[in-house]
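Subject: Structure handover

Hi,

Here is the structure for you to look over. My notes on what turned up follow below.

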Amino acid sequence: MAFKPEQYDNGRLVRLPATASISFVKGNALIAASGFYTNAAAGENLDIQYVAMETITSAATDGATFVHAIRTKDVIMVADTTTDPTRAQVGTKVDLGAAGSLDTAAVTDQQFYVEDVLLPLTDRKVRGWFVGGLPNS
């Protein structure tokens, strides 16, 4: 066979080499760090290219564990927020609050575009997508 597909689901589901001794939670935003993947954090001002699709703790050696993740390019997502979102945040780009949530009041890194807020607002959920080419990177 000349061409062997390695990925399915439109090429979005991938296995990424994980940083040592990290607990990944399904739905966490991931970033590359020194050639391996780790959880993203608030204030890092990095494009979010992947989201973890499993909960797993990596081994004590870098790259010994692989985390299954989905590429975020062109994927609409429902995201948790650290506080109740508002209608005024629709159409804005907001920051990560942690690896698994958004801080809709923070607009420095502008990593996620808020397309809509989901009701009730007290459920703290928005719909949108990760953006690329961050303004401060």
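Glutamine 110 is found in the loop between β10 (101-103) and β11. Strands here are DSSP runs of E with at least two residues, helices are runs of H or I with at least four residues, and both are numbered from the N terminus. Phi of glutamine 110 is near 50 degrees, a positive value in a residue other than glycine. Its relative accessible area is 26%, so glutamine 110 is partly exposed. The cut-offs are under 20% relative accessible area for buried, over 50% for exposed and in between for partly exposed, with a 1.4 Å probe and protein chains only.

Before you go further: this is a predicted model, where local features need pLDDT of at least 70, side-chain atom pairs count only at pLDDT 80 or more, and totals for chains, interfaces and linings use all residues. Residues are numbered from 1 along each chain as its sequence is written, and side-chain values use heavy atoms, with hydrogens and water left out.

Back to the backbone. Arginine 124 also has a positive phi, near 55 degrees, and is not a glycine. Arginine 124 lies in the loop between β11 and β12. At 35% relative accessibility, arginine 124 counts as partly exposed. Proline 120 lies in the loop between β11 and β12. The peptide bond from leucine 119 to proline 120 is cis, with omega near -5 degrees. For context, most residues other than glycine have a negative phi, and most peptide bonds are trans.

Now the rings. The whole structure holds three aromatic pairs. One of them joins phenylalanine 112 and phenylalanine 130, edge-to-face, at 5.2 Å centre to centre and 85 degrees between the planes. This pair links distant parts of the chain: phenylalanine 112 sits in strand β11 (residues 112-117) and phenylalanine 130 in strand β12 (residues 125-130), 18 residues apart. A pair here means rings of Phe, Tyr and Trp (its six-membered ring) with centres within 6.5 Å; planes under 30 degrees apart count as stacked, over 60 as edge-to-face and the rest as tilted. Both phenylalanine 112 and phenylalanine 130 are buried.

Arginine 15 lies over the face of phenylalanine 66, at 4.3 Å from the ring centre. The test is NZ of Lys or CZ of Arg within 6 Å of the ring centre and within 35 degrees of the ring normal.

The contact lists below use heavy atoms within 4.5 Å.

- Aspartate 95 is found in strand β9. Aspartate 95 touches Leu102, Asp103, Ala106, Val107, Thr108, Asp109, Gln110 and Gln111, not counting residues up to four places away in sequence. Aspartate 95 and asparagine 45 are 50 residues apart in sequence and 8.3 Å apart in space, C-alpha to C-alpha.
- Asparagine 28 lies in the loop between β2 (23-24) and β3 (29-33).
- Threonine 38 lies in strand β4 (residues 36-39). Beyond four places in sequence, threonine 38 touches Thr19, Ile22, Phe24, Ala29, Leu30, Ile31 and Ala33.

Next, the largest pocket. About 250 Å³ of space lies in it. Of the 17 residues that line the largest pocket, the closest to its centre are Gly27, Val78, Ala79, Asp80 and Gly100. A pocket, on a 1 Å grid over the protein atoms alone, is an open set of points where a 1.4 Å probe fits, with protein on both sides within 12 Å along at least five of seven lines; lining residues have an atom within 4 Å of a point. Grid points are joined across faces, edges and corners, and the volume is the space filled by probe spheres set on the points. β8 (77-80), β9 (93-98), β10 and β12 each supply at least two lining residues. β8 gives the most, with four.

Last, the whole chain. The protein chain has zero helices and twelve strands. Of its 137 residues, 39% count as buried. Among contacts between residues at least 6 apart in sequence, 51% join residues at least 24 apart.

Best wishes
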